[in-house]
Every structure is written in structure tokens, then in C-alpha cells.
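Reader: I have a new model to look over. Can you walk me through it?

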Amino acid sequence: RGRHIAFTDALYWQGRRREAGNPLAIATLGGYLAIIGVLMNFPRATNFWKYARWGAVVSGVIAVLLSESRGQFFAMVIAIIALLPISRQIRNWRGFLATAIGLLIFAGVTFVAFDALAAGSQRWSRDTMFDVFQSTRVTMASRVLSVWANSSPIHWLLGLGTSSSYDVTILGIYPHVVAVEVLAEEGIIGFLLFGLAIAAAARSILRTANYVRHDP
């Protein structure tokens, strides 16, 4: 069914019965599986898992590609590239070699799976992705910000209301840009709280990293 996964319990969309699940959930699961498979470190006594892990990585990448979820795919790739040097702790030539080999294997798995599963899908073409990004993300975000900016000062502070980003767009869809949605829906006060939450999370990451930096 393409991007839709049938379930026994039907969903109702725009007044019509539709048996479909959320492909983003499948893509997120596949992305987590691939990330964990690449980044995990195993003791020498379990060399089997060092090689068996790549079966899990392949399965995860394929799940993401079959769901046709582009955001999850690129997020998975970026996360692995960014975190693999930390996972392998590059302090000498062995760490560098392990990281380089891991990246090469993951790149090969991703390229082969992408070429086999995604090449025939319009969703993965460069022109389609650019057009969709422009028409849904950029255009819709601009529309939401325009409505918010032209509203009253009380809305600047408190926002237009929860889920208003969906209501004020021309096509009735979310812009899928979280920062824009928070600013428009919860106003400057909500946006500041959003920023504080991100800052608190970043501070916790740095604090936690000090506890585990010597543990592979």
C-alpha cells in the first residue's frame, strides 16, 4: 500500500473509511535500529555480534526506505556520522581505523539499499524533494508566521493557540517546522520556554558525557 500500513481498526480521514497506519513510526523504529547497530560496542568475547549487527543495520535502513520517510532517513544518516567518532573514541590509529571502516560499511549498506529500493520512487528524486520542501515547509511556515505577525500584540506574546498552525495554512496542513509552530501557537513566551527546554537538554547531555566519557 505504499506509505500506508493496514490495520484491523479503521481510521476515518475526511469522512472516508481508511485502514492506514503511520509510516513515520516504522521509519523511526528502523532508524533507531540502524543507529544502535552501528554505534554499539561489544566486548572481545562476543565477536559474533560485531558482524551480526550489520544484519540489524540493513533491516533498519530498509525499513526507513520502504516507509518513504525522508526526514527519518536523513536524520539517521546524520546521527550515525556525528556519533560514530564518539562511539569509537578516536584517540589513536586503531580508533580512527575502526571509525573509518564503520562509516564505509554503513555508507555501502545505505547506498546499495537506497539504489535497490528507492530509485524507482518519485519521493526520493532530488527535484521532488526540493519542490515538496518549498511548497510545504517553506511556504506553509511563511504563511503561519505572516498570520502570527499580523495579529494582535497579545497573540505575539501568548500565541494563536494550540494547533492553529494547522488551521491558518492555505491547504490546512502543518508546516512541519517545530520552531515556527511553537512561536505561532504559543507566542514569544512559549518560544522562550521551548528554547529553555533545549538548553536544559544540552546542559544535561554535557553533564552526562563527563560521567561516561571513559566507558566505550
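This is a predicted model: local features need pLDDT of at least 70, side-chain atom pairs count only at pLDDT 80 or more; totals for chains, interfaces and linings use all residues.

Reader: Fine. How many helices and strands are in the chain?
Author: Eight helices and two strands. Along the sequence the order is β-β-α-α-α-α-α-α-α-α.

Reader: What share of the residues is buried?
Author: Buried residues account for 28% of the 216 in the chain.

Reader: And the accessible surface, how much of it belongs to carbon and sulfur?
Author: The surface comes to about 14,200 Å². Carbon and sulfur atoms hold 68% of that.

Reader: What about contact range? Take pairs at least 6 apart in sequence: what part joins residues at least 24 apart?
Author: That part is 60%.

Reader: Now the core. Which residues have the most contacts inside the largest nonpolar one?
Author: Val-38, Val-57, Val-61, Leu-65, Phe-73, Met-76 and Phe-106. The core has 19 residues.

Reader: Which helices supply at least two residues of this core?
Author: α1 (23-39), α2 (47-67), α3 and α4 each do. There is also a second, separate core of seven residues. Val-144, Val-168, Val-180 and Ala-184 are among them.

Reader: Back to Val-38. What is it in contact with, leaving aside neighbours within four places?
Author: Arg-53, Trp-54, Val-57, Ile-80, Leu-84, Arg-88 and Phe-106. Val-38 also has a C-alpha 9.4 Å from that of Ile-105, 67 residues away along the chain.

Reader: Where does Ile-105 lie?
Author: In helix α4, residues 93-117.

Reader: Let's switch to charges. Which side chain of opposite charge is nearest to Arg-70?
Author: Glu-68, at 7.7 Å. Arg-70 is buried and has no salt bridge. Arg-70 sits in helix α3, residues 70-88.

Reader: What does Arg-70 touch, beyond four places in sequence?
Author: Arg-123, Trp-124, Thr-128, Met-129 and Val-132.

Reader: Tell me about Glu-68. Where is it found?
Author: In the loop between α2 and α3. Glu-68 has a positive phi of about 60°, although it is not a glycine.

Reader: Is Glu-68 buried or exposed?
Author: Buried, because its relative accessibility is 18% and the cut-off is under 20%.

Reader: How far apart are Glu-68 and Gln-122 in space?
Author: 9.8 Å, C-alpha to C-alpha. In sequence they are 54 residues apart. Gln-122 lies in the loop between α4 and α5. At 58% relative accessible area, Gln-122 is exposed.

Reader: Which other residue has a positive phi without being a glycine?
Author: Ser-163, at about 70°. Ser-163 is in the loop between α6 and α7 (164-168). Its relative accessibility is 36%, so it counts as partly exposed.

Reader: Last one, Ser-151. Where is its place?
Author: In the loop between α5 (126-149) and α6 (153-158). Ser-151 is buried, with a relative accessible area of 18%.

Reader: What lies 2.5 Å from a polar atom of the Ser-151 side chain?
Author: The backbone oxygen of Trp-148. Not counting residues up to four places away, Ser-151 touches Trp-156 and Leu-160.

Terms used
Residues are numbered from 1 along each chain as its sequence is written. Side-chain values use heavy atoms; hydrogens and water are left out. Helices (H or I, at least four residues) and strands (E, at least two) are DSSP runs, numbered from the N terminus. Buried means under 20% relative accessible area, exposed over 50%, partly exposed in between (1.4 Å probe, protein chains only). Contact means heavy atoms within 4.5 Å. Accessible areas come from the Shrake-Rupley method with a 1.4 Å probe; for residues, only the protein chains shown count as cover. Lys and Arg count as positive and Asp and Glu as negative; His and the chain ends are not counted. A salt bridge is a side-chain nitrogen of Lys or Arg within 4 Å of a carboxyl oxygen of Asp or Glu. A polar contact is a pair of N or O atoms within 3.5 Å; within protein, one must be able to donate a hydrogen and the other to accept it, and residues adjacent in sequence count only if both atoms are side-chain atoms. A nonpolar core is a set of buried Ala, Val, Leu, Ile, Met, Phe, Trp, Tyr and Cys residues joined through side-chain atoms within 4.5 Å.
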